[in-house]
Amino acid sequence: MRIEHEIKLGFKDVMIRPKRSTLKSRSQVNLKREFKFLHSQTTWKGIPIIAANMDTVGTFEMAKTLSKNKLFSAIHKHYSLEEWDGFLKSAPAGIEDYIAVSTGIGEHDADKLSQIITKHPQLKFICIDVANGYSEYFTDFVKQTRSTYPDKVIIAGNVVTGEMVEELLLSGADIVKVGIGPGSVCTTRVKTGVGYPQLSAIIECADAAHGLGGQIISDGGCAIPGDIAKAFGAGADFVMLGGMLAGHDESGGETIERNGEKHKKFYGMSSETAMDKHVGGVAEYRASEGKTVEVPYRGKVEKTLQDILGGIRSTCTYVGAARLKELTKCTTFIRVAEQENKTYT
């Protein structure tokens with residue numbers, strides 16, 4: 001046993017200090033990024049915000065709307081091959097640049113991934129997603145996937161430490177997903193005591209990834225647009241959103257009406273709800289590590305996207321970043337004990 005004494009920080013522990021800026025308007029800020037990925041050598045352009053691969057968020061409907069705005073979606077892994085066929089037949093041209101096929105690491109997962117990619121070779125992105133990215137088997141699966149699909153962009157995670165980011169990049173991942181336990185419907189930290197404050201995880205993992213020419217995704221912990229800006233300021237190349245995109249027309253989840261008000265179900269993918277739905281219940285050797293909540297119905301996701309992107313543009317004007325790429329260089333975090341005045345909520 002050992003104890004690390006260095007303080008680790010989450011989004012609520014800091015704010016971004018404003019700096020002198022020559023920008024006259026939020027409209028001058030360019031939120032698009034361009035990346036050339038480490039192994040696949042694919043070039044990607046767009047706004048690097050990603051809908052999480054949860055079945056209540058990473059839906060085909062969400063992907064259609066986000067792709068119109070040049071945002072990305074990691075499609076959840078529970079769609080059938082037939083559903084993929086139907087979606088790609090009706091999807092807008094070029095959508096393959098803004099979606100990833102998600103997969104677990106079981107034999108069935110690998111077979112299903114192969115079927116989807118074989119039938120639709122235009123798909124460019126694969127997201128290998130597990131709750132615990134520290135297992136040797138996971139690393140081996142990343143290596144095997146890279147060998148099988150040398151030209152695809154591989155996203156792999158989740159981890160929270162620099163050395164594991166390096167391990168996954170060297171094993172064939174182009175992008176590493178960072179975050180254990182920060183999600184709004186994740187209970188991993190409560191059930192296991194395992195986790196890492198998200199802001200510090202981003203800072204440390206981005207440093208490790210960029211040293212090797214890879215990228216990271218900050219996955220989880222963003223509750224407001226300011227958190228997304230902090231994630232980018234800390235060095236995240238992409239930011240993945242779950243709860244902030246839940247509750248919309250394009251989101252999955254059952255719609256519930258109570259006392260004349262609509263809500264939509266939103267749950268973690270390790271929750272009892274998700275396991276009942278997809279694998280017939282919680283296995284006797286494990287516990288649920290997610291919760292199920294009802295999110296107030298929020299209409300079309302376009303309005304939420306405007307709020308998010310407008311907030312990030314405003315952050316950039318406060319620190320003088322004309323491009324999203326410059327935000328991390330312009331960011332100085334200050335430690336705080338409060339974030340906002342909550343007299344009126």
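Me: At what angle do the axes of helix α1 and helix α2 cross, and within what distance do they come?

Reply: Axes are lines fitted to C-alpha atoms, for helices over the stretch in contact, and angles run from 0 to 180 degrees between N-to-C directions. Helices (H or I, at least four residues) and strands (E, at least two) are DSSP runs, numbered from the N terminus. Here, the axes of α1 (residues 60-68) and α2 (residues 81-90) cross at roughly 25 degrees and come within 11 Å. This makes α1 roughly parallel to α2 (angles under 35 degrees count as roughly parallel, over 145 as roughly antiparallel, 65 to 115 as roughly perpendicular and the rest as oblique). Please note that this is a predicted model, in which local features need pLDDT of at least 70 and side-chain atom pairs count only at pLDDT 80 or more, while totals for chains, interfaces and linings use all residues. Residues are numbered from 1 along each chain as its sequence is written, and side-chain values use heavy atoms, with hydrogens and water left out.

Me: Is the crossing of α1 and α2 left-handed or right-handed, and which residues make the contact?

Reply: A crossing is left-handed if the near helix is turned anticlockwise from the far one by less than a right angle, and right-handed if clockwise. α1 passes α2 in a right-handed crossing. Contact (heavy atoms within 4.5 Å) is made by Phe-60, Ala-63 and Lys-64 of α1 with Glu-83, Trp-84, Phe-87 and Ser-90 of α2. By class, four of these residues are nonpolar, one is polar and two are charged (Ala, Val, Leu, Ile, Met, Phe, Trp, Tyr, Cys and Pro count as nonpolar, Asp, Glu, Lys and Arg as charged, and the others, Gly among them, as polar).

Me: How does α1 pack with helix α10?

Reply: The axes of α1 and α10 (residues 301-319) are 11 Å apart, at an angle of about 45 degrees. That makes α1 oblique to α10. Their crossing is right-handed. Met-62, Thr-65 and Leu-66 come from α1, and Val-301, Glu-302 and Leu-305 from α10, to form the contact. Its classes are four nonpolar, one polar and one charged.

Me: What span should α10 have, and which of its residues are buried?

Reply: The expected span of a helix is 1.5 Å times one less than its number of residues. Buried means under 20% relative accessible area, exposed over 50%, partly exposed in between (1.4 Å probe, protein chains only). The buried residues of α10 include Val-301, Leu-305, Ile-308, Ile-312 and Val-319. Together, the buried residues of α10 pack against β1 (14-16), β4 (49-51), α1, α8 (225-233), β11 (238-241) and α11 (327-330). Leaving aside residues up to four places away in sequence, Thr-315 touches Ile-16, Ala-229 and Leu-327.

Me: How many residues has helix α7, and what follows this helix?

Reply: α7 (residues 198-212) has 15 residues and reaches 21 Å from its first C-alpha to its last, close to the 21 Å expected. Among its buried residues are Leu-199, Ile-202, Cys-205 and Ala-209. An α-helix has 3.6 residues a turn, so residues three or four places apart point the same way. α7 is followed by Gly-213, whose phi is positive, near 90 degrees. α10 is followed by Gly-320, with a positive phi near 80 degrees.

Me: Which residues other than glycine have a positive phi?

Reply: Most residues other than glycine have a negative phi, and most peptide bonds are trans. Gln-41 has a positive phi near 60 degrees and is found in the loop between β2 (33-36) and β3 (43-46). At 43% relative accessibility, Gln-41 counts as partly exposed. Asn-259 also has a positive phi, about 55 degrees, and its place is in the loop between β12 (255-258) and β13 (261-267). Asn-259 counts as exposed, at 78% relative accessibility.

Me: Where is a peptide bond cis?

Reply: The bond from Gly-157 to Asn-158 is cis, with omega near 25 degrees. Asn-158 is in strand β8. Val-153 also lies in β8 (residues 153-159), and Val-153 is buried, with a relative accessible area of 0%. The residues that Val-153 touches, not counting those up to four places away in sequence, include Phe-37, Thr-42, Phe-125 and Ile-175.
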